[in-house]
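Here is a short note on strand pairing and helix packing. Please read the points alongside the model.

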Amino acid sequence: MLSRVADSIYWMTRYIERAENIARFINVNLNLSLDMTSGMAGAWQPLVMTTGDHEVFEKRYGMDYSRENVIQFLALDREYGNSIISCVAAARENARSVREIIPSVMWEQINRSYLLLKDAAQNRLASREPHRFFKDITMLSHMFTGLLHTTMSRGEACHFALLGQLLERADKTSRILDVKYFMLLPKPEDVNSPYDVIQWGAVLKSTSGFETYRKQFHRIVPKQVCNFLIFDSNFPRAIRCCLTSAQCALHKITGTPRGTVSNQAEKSLGRLCADLDYSDIDDVISAGMHEYLDDLQTKINLVGLDIREAFFRIPDNLTEQVSVSVQ
Amino acid sequence: MKFSNYNPAEYYDELFHKDGSVRDGARKLIDKIESLPEDALLIKQQSAETSLLQLGNTFNVYGSEEGTEKILPFDIIPRIIEDREWQRIEKGLQQRIHALNLFLEDIYHDKKIIKDKVIPKDLIMSCTAYRKQMEGFTPPKGIWCHVTGTDLIRDASGEFYVLEDNLRCPSGVSYVLENRQVLKRTFPEVFVSSRVRAVDEYPHKLLATLEHLLPATASNPKIGVLTPGRYNSAYFEHSFLAQQMGIELVEGQDLVVSSDRLYMRTTKGLCPIDVLYRRIDDDFIDPNVFRPDSMLGIPGIMSAYFKGRVAMANAPGTGVADDKAVYAYVPKIISYYLGEDPILPNVPTYVCWDDKDRAHVLDNLDKFVVKAANESGGYGMMIGPHADQAEREEFARRIKASPRTYIAQPTISLSQVPTIVGDHFEGRHVDLRPYILYGEDIYVLPGGLTRVALRKGSLVVNSSQGGGTKDTWVLNGTD
């Protein structure tokens, strides 16, 4: 498969996943703000803080972290590269450049999502009916993922699509946990208060993990929630589950059996998975939750860079090596 | 919506006779439309537009703001061509392409046609699309123009003329295929009863044409469509054709030449590729041979091409055969190489490069359409009867300053097809671009792109100048 095509497919799914997760972040906060007393309301700033793009926000909206401004910034601001609309536009441009590779229905789904967001940017649906709007966005992404699984042949293209999606999802689950960290930080006295339970419940809901968690652990205990979202090997949005599945996709691309490595990307992702296999929530707490998640995000980024080097940037002087593999 | 108030006026109408009665081939369609409840046709038109927008087959409008993507305007009333008319067009195009291909082979070798004084040497040598680099080269199987889109028009008497030959990278065939998909959903019953010939076989025929370029010994060959990239206005078509043929869509940056072999950069390293359907102009293919500032091409590809290590469709240098001044000589070219009379006539053409022709054109600028010989897309032209005095003077000045650049043709009243305008039908002028493939034999796609000038009275059908498209129905003969 062409390197450029693999690159575009990988980023197409990454961007769609990114857009979905922003919608999830916002949805958690919408739900939280309904359950909180007025004193707790207005906690929209942490959402922007976790993106790491608060400086961009402040340049455009000043210090006014109102619900309207934050939603506009994260969802519909075309000048902010990581807003939902910018992500979907980027996914669409990537999809456009691989239209001949992906099933037509996948392209049409992305195109429809984009047209819907473009309309939304004009008719202010996001601020008028935010619950419905962000639910719609999440559903569009679900449909896309459904099509990925039900219409795309399980070849190289599909594995690159999954790889991009799963790495992005692992990163975003770690950031959803980070949102909670920011929200707790200012008021340590709320720990184990009813608000605390509500907040952790919201975190679970934002990953669609609330029901699964309840079935397994019944009571909402912060440490247990973190354990679940980081280390669970069966829940599809838990970090460990995402990364193990990403590792499978990567090895299907190269054909190297798991346990052996053929390039730097397999090495760094393998190490990351092994880290998760051989550590537990107590290690996380002793390292500090934020520090642990921050380190994890850095490592996921490195895997991304290694993937780029291994597959997307092919130097001109590999001819001889190739003429062997072509025989 | 009814046709009761529709008036073909003084033009040749593709669906109605002069007296307002319906042409035989259009009868089933017109009956269907007249039987629809009020507004149903407008709803069909809207849903056709919506489905084109959702398919995302948009083109970017050059020089406009980001986000202005447009679908090519589409009108659901088709243009209909009956079997006996089509047979003549088909034979005429096969004859013309056969002759032009022989002309290309000759002009880059012995130039017999010049030595025999059929066409002036200076006219060829001053042609901007003439590629000296191609002299002495014969492409695989002697085929130069694998894909052609020839523009035809019809005058007030209903006679078909060739208006323009496009032998470089003619575009638009994807609209033919997509328009058909949409129209099948719009008038499903009429398709069956009217015996409309299918166009779906085009990608398959195109692939066969490209495979024909491979040496018989090639095993597991790779074929690709070469595109300038997704910012090109025809990108959708490049990607669509690659998808329909199941072959690679590649950009210059995906390719590299090493030891005169062309390779693609893949996730598993470099992989050889054997045939390119290139949708990049000659100038940009190879900076080592043509324009050195080209960022779209592949350095070294021409060297591999000349050694026969990679094949290309169309061959570089075909543009010399569709230069608008050379066009005037095509009837002579046909007689010269084939010893036959042209089946499809040319529009009478005055070549301003010729002293006598130029004098005649300058005296009658108000009657002529003046075109720049090397321009396309409706740019650099003047329609005399519609131009004002200042514009005519400007063109007179340009013609005198650069006679080789201009040709002139009488203004032809293009045929028309009823088109939905608001809540009723009005006649709008059309042309027709059939697509011709030269592989094992010369194949003409039954149908083609009908372009329609959507502005009232306008004769310019180019999409850059307010044109749209219609589906084109070629009907099967009766058994």
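1. Chain B has an open sheet of three strands, ordered β9-β10-β11, with antiparallel pairing. Its edge strands, β9 (255-258) and β11 (269-272), each pair on one side only. From one strand to the next, the twist averages 40°. Strands pair if DSSP finds at least two bridges between them. Strands (E, at least two residues) and helices (H or I, at least four residues) are DSSP runs, numbered from the N terminus.

2. This is a predicted model: local features need pLDDT of at least 70, side-chain atom pairs count only at pLDDT 80 or more, and totals for chains, interfaces and linings use all residues. Residues are numbered from 1 along each chain as its sequence is written, chains are lettered from A and ligands numbered from 1 in the order in which they are written, and side-chain values use heavy atoms, without hydrogens and water.

3. β9(B) and β10(B) (residues 261-266) run antiparallel and are joined by four bridges. Val257(B) has Leu262(B) in β10(B) as its bridge partner.

4. In chain B, the axes of α6 (residues 173-186) and α9 (residues 235-245) come within 9 Å and cross at roughly 70°. Axes are lines fitted to C-alpha atoms, for helices over the stretch in contact; angles run from 0 to 180 degrees between N-to-C directions. So α6(B) is roughly perpendicular to α9(B) (under 35 degrees is roughly parallel, over 145 roughly antiparallel, 65 to 115 roughly perpendicular, the rest oblique).

5. In chain A, the axes of α11 (residues 210-217) and α12 (residues 222-231) come within 11 Å and cross at roughly 120°. Thr212(A), Tyr213(A), Gln216(A) and Phe217(A) of α11(A) meet Gln224(A), Val225(A) and Phe228(A) of α12(A) (contact means heavy atoms within 4.5 Å).
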